[in-house]
Amino acid sequence: MKWPASRMKSQAGKGYGMYETAATLQSAGIDVIHLEVGRPSSVTPAHIREAAKTALDNGIVHYGDLQGLAPLREALATRYCEERNVNYEASEILITNGVTQASYAAFMSALDEGDEVIVLDPFYPQHNSKIRLAGGTVVQVPLSMIKGMYRLDANRLEDAITATTRMIVLINPANPVGTVYTREELEQIAQLAEHHDLLVLSDEVYEYIIFDDCTHISFASLPGMKERTITVNAFTKAYAMDGWRIGYAAAPEHMISVMRQVTMNTTTHPCVFAQEGALVAVTGPQDCVRAMVAEDCERRDLVVETLNSIKGITCNVPQGTIYAFPDISGLGIGSDELALKILQSAHVAVESGAFYGRQGEGHLRVCFGSEKYERLAQGMQRLKASLG
Ligand SMILES: Cc1ncc(COP(=O)(O)O)c(C=O)c1O
C-alpha cells in the first residue's frame, strides 16, 4: 500500500527542530532548560481563563459560526481600526486555530501549482512547509545585516521577483531575527507589491512584543495595501494562549470567503469556549500584556548581556519578539553542532540558526520568553560555563 501521499514525503517540514531532541533527554530524567520553543512562560491571565470557564459552564459547547464567533470578529475589527488604522469589517475576519491554520488557509487559497512565494531569510520554517504543501515554490531572499540588525534590502527583494511570483511573506516583528520593520522598509515592500501585482502575507503574531521606542506598523495600513494583504495573527504570544489555538486572518471579504472553505473543510471552526476567552482577551484590560512584555524586556537584556560576555559570540539587541539571534561564528563550530553540544553538556535547549535558513548558519536562536527569570538566568550560566 502506498503511504503517505508523495507531497507529504518531502514538503511537510522536518518537525520542530531541537524540541523533540530535548524532550527525549527530559523523558530520561534530565533537567533540561527550554530556550528553544517559542512558548510564553506565563499562564494565560486569570480573567481570560475565567471567561472560558464561564462559557463552558453556560453550555457554550455546540457548533458555532463557521467563520468564528461574531462578537470576537467585531472586537478584532474595531481594534484594527482603533489601534492599527486598518478598516476591517467583521466579515473580513476569519477565526482560526492559531496563525498556523490562518497561514495554511491563506497559502491553500492563494497559490496555484508552481507559484513563487518570497520569504525573507532568516525565516520561520513552518511557513515554508505550508507553501510547499499548497504547491508553491519557496524563494529565499536574504535580509542584510545593517547596524547590527537583519533588515530588508529592497534591491535584493526586487531582483528575486519573477513573472511567477505571487506572494511575499513578511513577519513583523520578525522571528527569529527580532527586527521590527520601519515604515520606510514596509513602504519599499508595498511599492514592489503594487508594481508587480503581488499579495503579501503579513504575520503579526508578535505585534505587542516590542521593546524600547519601537513602533509596530500593520502592513495593511499602508495606502493601497489592505486590498493585497492577508494579515495573520493570534492570541498565542501576547496573551500566553499558545495551547488555546485561537488565531485569525484579516483580509478583503472575497479572500476570506475562499479561506473559509479551507478551514470549513478541515476543522470547521476553533473551539467555541476558547473563542469566548479570546473575546475577553480583546475587550478586557490590557495591563496583563504590558506586564508580560516588561518581563520579556528584562529577560532579553539578561540573555543579550550574557551572550555578549562569551568570547566568540556577538548578539544584537532584538527590537521585538522573544528571541535573541546571536552570531556564534567566532567559536569556529557549526550551528547544529553547537546547539547539540550545549544541550548535551549544559542541558540547555536552544535552536540551531541553520533551522531558519541559509543566513541562519553561524547563529543560534535563544528564546528568552519561555522560562521565568531565575531559571533563564540559571540556563544562561550553564550555557556560558559549557562554552568557557
Ligand atoms: C512567526 C510565527 N508565526 C506563527 C507562529 C505559530 O503561531 P500559532 O501558535 O498561533 O499557530 C509562530 C510560533 O512560534 C511564529 O513564531
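## Domain contact

In this predicted model, 37 residues of domain 1 touch 39 residues of domain 2, where contact means heavy atoms within 4.5 Å. Gln319, Thr321 and Gln359 supply 23% of the area that domain 1 buries against domain 2, more than any other three residues.

Domain 1 comprises 5–43 + 287–387, and domain 2 spans 46–283. These bounds come from an automatic or database domain assignment. The domain centres, taken over C-alpha atoms, lie 24 Å apart.

## Buried area

About 3100 Å² is buried between domain 1 and domain 2. Carbon and sulfur atoms carry 60% of that area. Buried area is the accessible area (1.4 Å probe) that two parts lose on being put together, summed over both.

One salt bridge is counted between the domains. A salt bridge here is a side-chain nitrogen of Lys or Arg within 4 Å of a carboxyl oxygen of Asp or Glu. Arg300 and Asp212 form a salt bridge through their side chains, at 2.9 Å from N to O.

## The domain 1 side

Two helices, H1 (6–11) and H11 (287–308), each give two or more residues to the side of domain 1 that touches domain 2. Helices are DSSP runs (H or I, at least four residues), numbered from the N terminus. H11 gives the largest share, seven residues.

## Basis

Residues are numbered from 1 along each chain as its sequence is written. Local features need pLDDT of at least 70, side-chain atom pairs count only at pLDDT 80 or more, and totals for chains, interfaces and linings use all residues; side-chain values use heavy atoms, with hydrogens and water left out.
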